[in-house]
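Student: Could we go through this structure together, step by step? I would like to learn how to read it.

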Amino acid sequence: IASPKHDFQKGPRVTFTYSAGFTHYCKEQGIDNDSPTCGKVMLSGKMEKVRDGNELSWAQYGMFARHPTTKDWPPSHDFKFFKLKIENIMVIDYFGGAKRHVNVTEYLNYNPSWN
């Protein structure tokens, strides 16, 4: 199994892409998952080891609640928690490539209201 932790410590720059195609949204809307109109967001930045006690507790809670068996992994696995320090956000939601850059501060402070 690959050990991304070692890669993060040597070169921490990463980009994660999330697609609405990962959900049922595009299919339900009749949009092909490969179409640019099936929205995608790319989060770029640097991976950092979680060191703050509160953040670590929150990360462990999320991981262990969703994947309970990971709580019992042996210490020899040297499992660590990392977070993405977001530096850039790009959105693709139409033809022509990523044109919308989202302000990181606004993104991190966004408080959604679900109607």
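Tutor: Happy to! One definition to begin: buried means under 20% relative accessible area, exposed over 50%, and partly exposed in between (1.4 Å probe, protein chains only). This is a predicted model, where local features need pLDDT of at least 70, side-chain atom pairs count only at pLDDT 80 or more, and totals for chains, interfaces and linings use all residues. Residues are numbered from 1 along each chain as its sequence is written, and side-chain values use heavy atoms, with hydrogens and water left out.

Student: Is Arg 13 buried or exposed?

Tutor: Look at its relative accessible area, which is 53%. Exposed means over 50%. Arg 13 therefore counts as exposed.

Student: Which side chain does Arg 13 meet in a salt bridge?

Tutor: A salt bridge is a side-chain nitrogen of Lys or Arg within 4 Å of a carboxyl oxygen of Asp or Glu. Here the N to O distance is 3.0 Å. The pair links distant parts of the chain, 74 residues apart, from strand β1 to strand β3 (residues 82–92); strands (E, at least two residues) and helices (H or I, at least four) are DSSP runs, numbered from the N terminus. The partner of Arg 13 is Glu 87.

Student: Which helix does the salt bridge of Lys 83 and Glu 55 link to strand β3?

Tutor: The side chains of Lys 83 and Glu 55 meet at 2.9 Å, N to O. Lys 83 is in strand β3, and Glu 55 sits 28 residues apart from it. The helix that holds Glu 55 is α3 (residues 53–66).

Student: Why does Lys 83 count as partly exposed?

Tutor: Partly exposed lies between the buried and exposed cut-offs. Lys 83 falls in that class because its relative accessibility is 28%.

Student: How many salt bridges does the structure hold?

Tutor: Besides the pairs above, Lys 80 forms a salt bridge with Asp 78, with the closest N and O atoms 2.8 Å apart. The structure holds three.

Student: What is the order of the strands in the open sheet?

Tutor: Two strands pair if DSSP finds at least two bridges between them. The open sheet has four strands with antiparallel pairing, and its edge strands, β1 and β4 (100–102), each pair on one side only. The order is β1-β2-β3-β4.

Student: Which residue in β4 stands opposite Ile 89?

Tutor: Strands β3 and β4 run antiparallel and are joined by three bridges. Opposite Ile 89 stands Val 102.
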